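Q: I have a structure open here and would like to go through it slowly. Could you help me read it?

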Amino acid sequence: KTTYQIALIPGDGIGPEIVAEAVKVLKQIERTESVQFEFSEVYAGGIAIDKFGEPLPDNTLTTARLADAVLLGAVGGPKWDQNPSHLRPEKALLGLRKELGLYSNLRPVTLISGMEARSTLKAEVLSGVDLIVVRELTGGIYFGEKKREKTAQGEFASDLLIYHEHEIERIVHQAFSIAQNRKKHLTSVDKANVLESSRFWREIVERIAPEYPDVQVNHMLVDNCAMQLLLRPSSFDVIVTENMFGDILSDEAAMLTGSIGLLPSASLGEGTKGMYEPVHGSAPDIAGKGIANPAATILSAALLLRHSLGMETAAQKIESAVQKVLSQVRTADLAAENEESVSTQEFGDRVVAALSK
Ligand code: NAD
Ligand code: IPM
Ligand code: MN
C-alpha cells in the first residue's frame, strides 16, 4: 500500500462539519484501494487566531508543506470581521496559497442530473452546461500592495492590481492545456477596455495561442461574461481569468448547478501538491446545525485523489457516489419547500454506503 500524508484544515463555521464527511469518504477509499492516508489535522483561520493569536501558525504551514495534499474546509466568520488585516482568518487562506505556490485554481462547474430544478435558471438554459473556471490564485489585487493613509486631503485606501508576465504566462498555458483535453474552447476574461493589467493579460494570451492551434480562443470583458453566464452558460468550456474576477464569476457559476454547496475546487502549482477546498465559505448562518451540504468538500476530496495522487478511478467512484446519493436524498440547501432533507452526517454516510456497494 502506498501511504500518503494528507493535511486537514477544517477551519471555521461549517468547515469542521463538512471536512469530517470528506474524511469518512477517504477512509472508505482506503478500504477498497491500495492506499493508506495519514491525516494530520491542523488549525488555520479564526480558530487559529483564538488558539494561537495568528491565522496561519508555522506548524500549520509546515504540515501543509510536508503533506502530499491539503484538504481545507473554510475559514472566516463574523467574530473576526473587525480584526485588522494581519489578524483576519482569510489571511490564512491567502498565505497557504502563496506559500505553497498554488497559482492555479480549478473550479469545475458540472451539472448533476436531477438538480436542474434547484437552479434559479430554467432547465433549457442549463442544458449542456459543463464548464471550468481557471482562476489565477496568487497574484493580482489580492496580493498587491495595500495602503491606508491619512493625508492633508483626507484618508485614502488602495489595493494594487499587479501582474508579472510569468504569472500570466503560466496560468494561460495551464488553461490552454486544460482546454485541449476538453471541448477545445477557451474564453479569456478581462477588463481590457479599462485596465492596463488586462491589456497585458490579453496580449499574453494572444502570444501564447499559436502554441495551441487546436484550441479556439476568444476574449470577453468581465461584465459581459457575468451576463453571458446567465444567458448562454452552455456556450462556455474553459474560462481563464485573474484572481478577483475568477472569485466572483465562480460563485455566480455555482448557481447553475443548484447550490454553492456542490462546487469543489483544486488549487495547484508546479508539482503534484495541491490544496482542495469547496468554493463556498464558512457559512456562519448555518454553522453548528448539522445541515450544511458536504458534497462540495467530498467532491474536493475526489479532485485531491485525481490531481495529487493520480487516482482517477477512485475519484470517479466518489463523483458517481455523490451523484447517486443526490438522486435519492438532498441536504437543506437543495430541498424544495416542504421537501424532506438529510443532515450533513447522513449525507456523508450515504456516500460511504454508495461507495461500498
Ligand atoms: P458563504 O459561501 O460562506 O455563504 C453564502 C451562503 O451560502 C450562505 O447563505 C450559506 O449558508 C450558503 N452556503 C455556503 N456553503 C453551503 C453549504 N455547504 N451548504 C449549504 N449552504 C451553504 O459566503 P459568505 O457568507 O459571504 O462568507 C462567510 C465567511 O466565509 C466569510 O468570513 C468569508 O470570508 C468566508 N469565506 C471563506 C472561504 C474559504 O475559506 N475558502 C470562501 C468564501 C468565503
Ligand atoms: C474563495 C474565497 C476567498 C477568496 C476568500 C475567503 C479570501 O472567497 O476561496 O473563493 O476570495 O479567494
Ligand atoms: Mn470566493
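Q: How many of the residues of α10 are buried?
A: Before anything else, keep in mind that this is a predicted model. In it, helix α10 is mostly covered, with 13 of its 13 residues buried.

Q: And what about its length, what should the residues of α10 span?
A: Helix α10 covers residues 295-307, and at 1.5 Å a residue its 13 residues should span 18 Å, which agrees with the 18 Å between its end C-alpha atoms.

Q: OK, now α1: what should that one span, and which of its residues are buried?
A: The 18 residues of helix α1, residues 15-32, should span 26 Å at 1.5 Å a residue, and the end C-alpha atoms are 26 Å apart, so the two values agree. The buried residues of α1 are G15, E17, I18, V19, E21, A22, V23, V25, L26, Q28 and I29.

Q: Let's move on to α6. How many residues does it have, and which are buried?
A: Helix α6 runs over residues 165-180, which makes 16 residues, and it reaches 23 Å from its first C-alpha to its last, close to the 22 Å expected at 1.5 Å a residue. Its buried residues are E167, I168, I171, V172, A175, F176 and A179.

Q: Where do those buried residues fall when you look down the axis of α6?
A: They fall within an arc of 155 degrees, so the buried residues of α6 line one face of the helix. As background, an α-helix has 3.6 residues a turn, so residues three or four places apart point the same way.

Q: What do the buried residues of α6 pack against?
A: They pack against the strands β4 (104-110), β5 (130-136), β8 (185-190) and β10 (238-241), and also against helix α7 (196-208).

Q: Switching to strands, is β3 mostly covered or exposed, and which strands pair with it?
A: Strand β3, residues 69-74, is mostly covered, since six of its six residues are buried. It pairs in the parallel sense with strand β1 (residues 2-11) over five bridges, and L8 stands opposite L71 in β3. Three bridges also join β3 to strand β12 (residues 274-278), again running parallel, and there A69 stands opposite G274.

Q: How many residues surround ligand 1?
A: There are 21 residues around ligand 1, and the closest are G76, G261, H280, G281 and N293. By class, that shell divides into 10 nonpolar, seven polar and four charged residues.

Q: What about ligand 2, which residues surround that one?
A: Ligand 2 is surrounded by G76, E90, L93, D247, V279 and G281, a shell with two nonpolar, two polar and two charged residues.

Q: I clicked on Y142. Where does it lie, and is it buried or exposed?
A: Y142 lies in the loop between β5 and β6 (146-151), and it counts as buried because it has 20 C-beta neighbours inside 10 Å. Leaving out residues up to four places away in sequence, Y142 touches L94, N243 and M244.

Q: Last one: which places have a positive phi without being a glycine?
A: Among them are K184, with a phi of about 60 degrees, and N338, with a phi of about 70 degrees. K184 is in the loop between α6 and β8, where it is partly exposed because 15 other C-beta atoms lie within 10 Å. N338 is in the loop between α11 (312-328) and α12 (344-356), and with 5 C-beta neighbours inside 10 Å it counts as exposed.

Terms used: Residues numbered from 1 in each chain as written. Chains lettered and ligands numbered in written order. Predicted model: local features only at pLDDT ≥ 70, side-chain atom pairs only at ≥ 80, totals over all residues. Helix = DSSP H or I, 4+ residues; strand = E, 2+ residues; numbered from the N terminus. Expected span 1.5 Å × (residues − 1). Buried ≥ 20, exposed ≤ 12 C-beta atoms within 10 Å, placed from the backbone. Arc of directions from axis to C-beta. Contact = placed C-beta atoms within 7 Å. Near = placed C-beta within 6 Å. Nonpolar A, V, L, I, M, F, W, Y, C, P; charged D, E, K, R; others polar. Pairing = 2+ DSSP bridges.
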